[in-house]
Amino acid sequence: MPAYQFSARSNGELVNGVRQAADATTVAAELNAAGMLPIKIELQALEENSVKLAWRRRVTLPELIVFSYQMASLTRAGITVVKAIQTLGESSRNEYFAQILLNITADLEGGMDLASCLDRHPTVFKELYVSTIHIGENTGRMDEAFKQIAQYLEMERETKRRIQAATRYPTFVLGAMAIAVVILNIFVIPAFAAVFAKYGADLPWQTQAIIGVSNVFAEYWPIGMVLGVLASYATYRYVNTPAGKLRWHTAMLKIPITGSIFERIYLARFCRTFAMVSRAGVPLVQALRIVSRSIGNEYIGSRVDGMRAGIERGESISTTAQQTGVFSPVVLQMISVGEETGSIDDLLVQAAGFYEEEVDYELKGLTDALEPILIIGIAVLVLIMALGVFLPLWDLNSVAR
């Protein structure tokens, strides 16, 4: 429920406060019932209500998809944008999102256009979203604009699901191996080391190396944890800088096996985003700028952004796309044909489908490709433990006899 700041007179004294209510009229009625004369009532700014909403200062992608479809249905039914957003804000279960929608309602009632209102909340409504709604406002097709952006966001959700599917299995196995190494170094190897020390037998170099690593791990693990946290934080800060993000996103595309999958996912996103802004009527140069920021990969985004210079020089889209060096020949041919026939948006959707089919095919074979590598890694770990721990036990049997 939204919060309203009010100023009122009570027995001649000025009273300021905050009340939660469905609307300003309800606040005024409550103040009158309390014997106060309302002077000023206004919706509390989102930043001023941030302490209460700090536990959930985010809007999920499914929530944004549902909101977009609801707006498409309400505007198609003839309900005004102001009333539609106010209704959705009052019924939203996400208090943070509800507060944003009610702030947008207040801005709309103040005379601002919807695109400008959405642009004031860039963490929720990205540039692509705002541009699509702006075109819908100018053409009078708000329902189509909301439906189009909702369908695009659904494809984004599917893309994220594919990325998670591509990384879930190897992440799980590598995490399990890391946990196993920690347990061995803390509990298993020290127990064997105590047995070896009791008999005073000569140990092979493999066992000495394993025990040395375990001793270092057991003695200095707090320092190692602190260094690990600092290294992770430093890496995180660097990756979030423009240069660091570009290097990381470039390296991501070169990772064996999974790099090609990520590349196709991002290129499919380019095709679908470019097709959508093209259908919406966004000018070509502006469309490329929007698309380059919506891909999610700085390397490919920089290549797409570089296409704008060629377009401004009068070169064709297919020529500038070929110069980027990131598109497959099939997609370049589709872009060329679409440019000649004037149906580039339809062919880009087909190109996106082509990339997505390749992604699905490679994802199905990803597990088969990674299993031998991961099995070899586990086998090497077991072999090291066998040579370093169990072989000395056989020597100790002779010593005991």
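## Exercises on the pocket and the cores

Twenty residues, written here as 20 residues, line the largest pocket, and L61, V124, K126, L153 and K160 are those that lie nearest its centre. The model is a predicted one, in which local features need pLDDT of at least 70 and side-chain atom pairs count only at pLDDT 80 or more, while totals for chains, interfaces and linings use all residues. Residues are numbered from 1 along each chain as its sequence is written, and side-chain values use heavy atoms, with hydrogens and water left out.

**Exercise 1.** Describe the largest pocket by its volume, and state which helices supply its lining.

*Solution.* Begin with the term: on a 1 Å grid over the protein atoms alone, a pocket is an open set of points where a 1.4 Å probe fits, with protein on both sides within 12 Å along at least five of seven lines, and lining residues have an atom within 4 Å of a point. The volume, which is the space filled by probe spheres set on the points, is about 610 Å³ for the largest pocket. Next, assign the lining to helices (DSSP runs of H or I, at least four residues, numbered from the N terminus): α3 (61-76), α7 (127-139), α8 (142-199) and α12 (284-294) each supply at least two residues, and α8 gives the most, with five.

**Exercise 2.** Identify the residues that touch the most other members of the largest nonpolar core, and trace the contacts of F125.

*Solution.* A nonpolar core is a set of buried Ala, Val, Leu, Ile, Met, Phe, Trp, Tyr and Cys residues joined through side-chain atoms within 4.5 Å, where buried means under 20% relative accessible area with a 1.4 Å probe and protein chains only. Among the 78 residues of the largest such core, F67, I104, F125, Y129 and F327 touch the most other members. Helix α11 (residues 258-280) gives the most to this core, with 13 residues. Leaving aside residues up to four places away in sequence, F125 is in contact (heavy atoms within 4.5 Å) with L64, F67, F97, I100, I104, L118 and V130. A second, separate core has seven residues, including L184, F196, I210 and I211.

**Exercise 3.** Decide whether S131 is buried or exposed, and find its partners beyond the sequence neighbourhood.

*Solution.* S131 lies in helix α7, and its relative accessible area of 11% makes it buried. Not counting residues up to four places away in sequence, S131 touches Q286 and I290.

How values were computed
Buried < 20%, exposed > 50% of the residue type's maximum accessible area, 1.4 Å probe, protein only.
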